[in-house]
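The following account leads the reader through a two-chain model, beginning with the fold of one chain and ending at the interface.

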Amino acid sequence: MRKSSKTTLPFMLIALPGVVYLIINNYIPMFGIFLAFKDYKYSKGIFGSDWCGLKNFKFLFATDDALIMTRNTILYNLVFIVLGTVAAIFIAILMCELGERMRVKIFQSCLLLPNLLSWVVIGIIGFAFLSADTGFINNTILRTMGKESVSWYMQPNVWPLILVLVFLWKNAGYQSIIYMASISGFDKSIYEAASIDGASKLKQIFSITLPMLVPTITILTLMAVGRIFFSDFGLFYQVPQDSGALYAVTQTIDTYVYRGLMQSNNVGMAAAAGFYQSVIGFVLVVAANAVVKKINPENALF
Amino acid sequence: MSDSKKFNVIATVILGILVVVTMVPILMIVIASFTEEKTLLRDGYSLLPGALSVDAYIYMVKQGAIIVRAYGVSILVTFVGTLGSVLITAMLAYPMSRKAFKYRGILTFFVFFTMLFSGGIVPSYIMWTRVFQIKDTIWALILPNYLVTAFNVFLVKNYYTNSIPDSLIEAAQIDGAGEMKIFWKVMLPLSVPTIATVSLFSGLAYWNDWINGLYYINDAKLYSIQILLLKIMNNINALKQNTGSLMGTGAVSLPGTSIRMAMAVIGILPILLIYPFVQKYFIKGVVVGAVKG
């Protein structure tokens with residue numbers, strides 16, 4: 001008995017700072033989701049504010065907001081999953097054909113670079129392209145073609161395309177890392193045998209590489225589907241420069257919660273949207289994991 | 001030409017084009033930062049500007065007290081945040097990796113659950129501002145979100161479990177070392193590669209953070225370089241919506257376009273300088289993290 005507590009205590013002490021941090025940063029806010037059922041008033045505080053049942057949810061779902069942000073969040077994620085996976089695999093396959101290590105390293109560094117930039121900087125880069133007065137597209141491209149300038153930040157119809165392009169620009173190189181790691185782990189003798197049998201490179205890609213990538217693709221896709229209720233706040237807030245004219249196509253659950261909490265001071269609806277995201281998000285993550293576990297227990301989170 | 005050689009050439013050409021397309025946007029702001037302000041306003045952003053100048057950088061060094069200060073805040077926050085993050089993360093991962101610790105399973109689940117469920121920003125924001133009163137303090141840039149993440153903890157824990165042999169720990173125990181001493185003298189020095197990876201992830205998160213600043217910082221003295229850039233962009237957009245144009249806003253002091261671009265460039269600079277040397281740690285972290293978080 002004494003021996004066991006003697007070995008347990010030091011471990012607990014070592015873990016203590018991290019445990020305290022996670023309790024504060026992660027666990028206390030988890031219990032805070034009950035705020036969605038309160039009529040939060042700053043002056044009354046969390047515990048002093050009155051309970052209001054489902055009022056916040058009724059307001060939230062009575063407007064078009066809930067539908068628009070849910071639709072945007074899910075549709076963008078679906079497009080990102082499909083095109084992101086295709087782009088990442090395309091890059092990974094080409095990278096593995098380069099052979100020469102130095103060239104791989106240089107190309108990879110360049111393709112990864114956008115992933116290391118902050119969304120603020122990416123927003124500024126976007127502004128350099130799209131600004132109505134000085135933007136590259138209006139001043140250099142459209143002017144040379146003899147076309148009129150466009151106020152890009154006022155044109156909702158082009159933004160789905162812009163956001164998808166920015167997403168691919170930032171993430172395709174990053175996501176290709178994982179596929180490159182899988183491909184370089186494949187047994188080389190299979191390719192050698194195929195070469196001897198006269199299979200062309202293209203044929204090898206379609207009949208060996210892609211089929212062997214299926215498990216990786218499945219797992220990564222399922223994990224992404226588990227996160228389908230969450231969006232990258234920076235992409236949808238910084239890149240459109242918070243332009244109100246674009247909300248119909250740029251509002252996601254995350255930007256809605258931010259705007260409710262910080263801009264329109266509508267804490268109740270922000271809390272309701274946050275609750276909606278947390279709970280459905282949790283169910284989806286657990287469900288996706290259950291499917292992953294069925295396919296390959298090694299890759300399951302738990 | 002053999003099939004393999006031909007394919008090699010095709011791959012090089014296609015990837016070369018992708019690399020150019022990827023780099024052009026970044027190159028554009030670098031070039032803009034070296035473009036004369038007059039030229040930039042007249043011709044717009046361009047890859048081949050009419051007149052080059054280093055005025056923006058001279059201005060930043062000479063008159064940019066706010067910019068220099070913001071740079072200092074970014075460096076301080078990144079340094080303190082990364083150091084704290086690496087230490088606390090490694091300390092939390094250590095007991096999770098030791099079979100001798102009887103609450104290992106509970107602790108692992110405790111960390112893991114934070115990946116599954118989150119209370120979201122609303123309760124978190126109210127807690128940090130009302131209970132801990134971190135609004136407009138330097139802590140607002142260090143404490144929320146980034147200090148310990150389950151992803152990093154599992155990265156270190158997996159390294160401890162898979163790459164450090166039990167026999168080393170047993171040997172230290174025979175020499176009379178306690179758990180604390182084993183952690184400091186054996187585990188930490190032997191886990192340099194994973195510590196490098198976690199430092200990199202954590203350092204990037206702190207350097208690039210603007211969300212904590214957006215939520216918690218209004219005091220200009222505590223602006224980091226990212227937040228300063230964000231606030232300037234907000235002001236520009238607000239002005240545009242009110243007046244329809246940037247011209248004739250002499251009353252409001254906003255840095256010129258080329259200065260803004262120069263700020264963005266110095267915001268990226270540390271990443272560009274450090275990244276080539278640490279790329280392998282970054283890639284390793286991404287691969288290990290994706291396979292088993």
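This is a predicted model: local features need pLDDT of at least 70, side-chain atom pairs count only at pLDDT 80 or more; totals for chains, interfaces and linings use all residues.

Of the 302 residues in chain A, 42% count as buried.

The secondary structure of chain A consists of 14 helices and 2 strands. As for how the chain contacts itself, consider the pairs in chain A that are at least 6 residues apart in sequence: 67% of these contacts join residues at least 24 apart.

An annotation covers part of this chain. In an unreviewed entry, UniProt places the feature "domain: ABC transmembrane type-1" at residues 70-288 of chain A. Over residues 70-288, chain A is 75% helix and 0% strand.

The interface with the second chain remains to be described. Here 84 residues of chain B are in contact with 74 residues of chain A. Which element gives the most to the side of chain B that touches chain A? That element is helix α1 of chain B, residues 3-33, with 17 residues. By class, the side of chain B that touches chain A comprises 56 nonpolar, 21 polar and 7 charged residues.

Methods
Residues are numbered from 1 along each chain as its sequence is written. Chains are lettered from A and ligands numbered from 1 in the order in which they are written. Two residues are in contact if their C-beta atoms, placed from the backbone, lie within 7 Å. Helices (H or I, at least four residues) and strands (E, at least two) are DSSP runs, numbered from the N terminus. Ala, Val, Leu, Ile, Met, Phe, Trp, Tyr, Cys and Pro count as nonpolar, Asp, Glu, Lys and Arg as charged, and the others, Gly among them, as polar. UniProt positions are given in the numbering used here, feature names are shortened, and annotations may be inferred rather than shown by experiment. A residue is buried if 20 or more other C-beta atoms lie within 10 Å of its own, exposed if 12 or fewer, and partly exposed in between; C-beta atoms are placed from the backbone.
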